[in-house]
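Here is a short briefing for a reader new to this structure. It covers the sheet, the aromatic rings and the cavities.

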Amino acid sequence: MSLASNLLQLYQIPSTSLILKRSKFSRVAGLFLLPGRVIHPTLFFCKHVQTTSYDQVVNGSYLPTAPSKQPTAPSKQSNNTIKEKPSPTVENVGAFQKLPMVMPSIDILQSALRKARRVSASKGIANAAKRERNKGAKHLDALMKEIAVPLRTYSQQFPNKKYLHPYERALIELTLGDGNYEKVLRNIEVLRKKVVSVGKEQASLCAKSLTKREAEERLNEGVKQIEDVFHLQRSAVDELLNVAKTLRAMPVVDLETPTLCLVGAPNVGKSSLVRIVSTGKPEICNYPFTTRGILMGHISLSYQNFQVTDTPGLLRRYDDDRNNLEKLTLAVLSYLPTAVLFVHDLSGECGTSPSDQYLIYKEIRERFSGHLWLDVVSKCDLLQKAPTRFVTEVANADNLELANYRKTGPEGALHVSVINEVGLHELKTRVHELLLSQSERIKVEQNSQASIEAVS
């Protein structure tokens with residue numbers, strides 16, 4: 001047997017001549033071949049073919065007639081071409097400001113009906129019955145799509161809660177109620193699927209009409225069916241509209257901007273101090289839980305911006321018994337890099353006894369011991385009078401630390417009065433120093449995180 005035949009069997013190349021059937025010229029082993037040219041197989045065994053990789057030959061004009069018995073290891077190039085779907089990553093804060101604008105349900109329906117009426121039959125249909133059923137099917141298909149497309153956009157563009165920043169995830173749960181956000185999005189998807197199902201069914205029925213009159217009747221019936229399905233669950237769209245409004249109104253917190261969080265019992269004067277030290281304008285009333293959410297103010301100092309948050313008041317009770325307003329405060333302290341300005345009211349006018357405030361203070365100080373801290377005793381103009389003695393304090397009268405707290409607050413606390421403007425200048429100075437320290441801490445943490453990422 002000749003050498004050429006042995007090589008042909010070794011490489012499993014057919015001994016017959018190959019005829020290339022390409023519209024243009026093809027390239028094999030570095031040679032340009034014209035269509036229909038006959039090439040002798042031995043031309044494949046030049047030095048260039050022997051050094052050409054398997055992938056390049058396959059991408060040329062030669063395909064092997066039989067697979068190789070020994071599996072070939074995938075090349076790096078083939079591995080790179082297999083792209084897996086990237087796993088969603090936890091977003092930064094600010095996802096609520098990216099929410100799509102949601103149209104009211106009545107506007108979605110009216111817009112869809114209006115656009116569907118503009119649909120006309122395809123050109124060139126002479127038969128009246130065929131023309132009418134073509135127009136009717138296209139009309140129903142357009143109506144279905146004009147309703148379903150916005151609903152699909154909402155389902156896709158509203159973020160999955162589990163991939164949100166923990167702070168914004170907590171805001172959703174505490175503001176909307178646990179599970180309500182997911183429920184509304186599920187209802188939107190259910191409504192979309194029902195509209196699509198009914199729309200396709202009615203369009204198919206209309207397309208099977210035998211007469212012009214039958215096509216007109218099925219068109220009217222199909223439109224009514226789609227409208228009825230949409231009206232039955234249109235409340236899901238309006239609920240999503242309210243969800244979007246609520247979430248979009250949430251204050252945006254920049255994680256890289258130093259933030260001061262005012263914490264304390266209800267009605268101790270936090271909102272008044274926010275007005276003093278920042279641009280925030282929270283509501284100020286003489287009753288508990290005036291602050292119904294997280295309110296944001298800003299401070300500009302030495303060409304740098306700072307954030308100030310006013311939070312709902314905390315009561316003395318276990319976490320399981322706290323309401324959603326109190327949990328909002330704990331969420332800010334847990335998930336945002338904040339410095340704490342804890343406000344104490346020892347005058348007895350806030351509705352929470354000094355002993356209860358003391359216990360709240362001790363709990364929060366221990367739980368968030370890693371935060372920078374500043375204690376402020378508000379309404380110090382009222383402390384000149386004898387402080388009100390609460391029944392709950394009698395059992396703790398022998399507690400020296402509590403007794404000192406009732407008189408002057410925590411050690412090193414700053415005494416201020418918004419009414420008499422006592423200590424306000426020093427308060428602003430101490431707040432600025434605290435925020436500058438917080439700024440340095442954030443920079444150190446960012447540099448440390450960058451170093452860890454560079455090593456990994």
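Two strands count as paired if DSSP finds at least two bridges between them. By that rule, strand β6 (residues 295-301) and strand β7 (residues 304-310) pair in the antiparallel sense over 7 bridges. The model is predicted.

**The sheet**

- Six strands make up an open sheet: its 6 strands follow the order β6-β7-β5-β8-β9-β10. The pairing is mixed.
- β6 and β10 (414-415) are the edge strands. Each of them pairs on one side only.
- Strand β5 (residues 259-264) runs parallel to β8. The two are joined by 6 bridges.
- Across from Leu262 stands Leu341, a residue of β8.
- In a regular strand, side chains alternate between the two faces of the sheet.

**The hairpin of β6 and β7**

- The hairpin has 2 residues between its strands.
- Ser302 takes a positive phi there, near 50°.
- His298 has Gln307 of β7 opposite.

**Aromatic rings**

- A pair of aromatic rings is described by the distance of the centres and the angle of the planes.
- Two rings pair if their centres lie within 6.5 Å, and planes under 30 degrees apart count as stacked. The count by this rule is 4 aromatic pairs.
- Why is the pair of Phe342 and Trp373 stacked? The ring centres of Phe342 and Trp373 are 6.0 Å apart and the planes meet at 15°, so this pair is stacked.
- The pair links distant parts of the chain, with its two residues 31 residues apart. Phe342 sits in strand β8 (residues 338-345), and Trp373 in strand β9 (residues 373-378).
- Are Phe342 and Trp373 buried or exposed? Both Phe342 and Trp373 are buried.

**Cavities**

- How many cavities of 30 Å³ or more does the structure hold? There are 2 cavities of that volume.
- The second largest cavity has about 30 Å³ of space.
- Which residues line the second largest cavity? Its lining consists of Phe96, Gln97, Tyr167, Glu168, Leu171, Met250, Pro251 and Val252.
- By class, this lining has 6 nonpolar residues, 1 polar residue and 1 charged residue.

Methods
Residues numbered from 1 in each chain as written. Predicted model: local features only at pLDDT ≥ 70, side-chain atom pairs only at ≥ 80, totals over all residues. Heavy atoms only, no water. Phe/Tyr/Trp six-rings, centres within 6.5 Å; stacked < 30°, edge-to-face > 60°. Helix = DSSP H or I, 4+ residues; strand = E, 2+ residues; numbered from the N terminus. Buried < 20%, exposed > 50% of the residue type's maximum accessible area, 1.4 Å probe, protein only. 1 Å grid on protein atoms, 1.4 Å probe; cavity = no way out; pocket = protein on both sides within 12 Å on 5 of 7 lines; lining within 4 Å. Points joined across faces, edges and corners; volume = space filled by probe spheres on them. Nonpolar A, V, L, I, M, F, W, Y, C, P; charged D, E, K, R; others polar.
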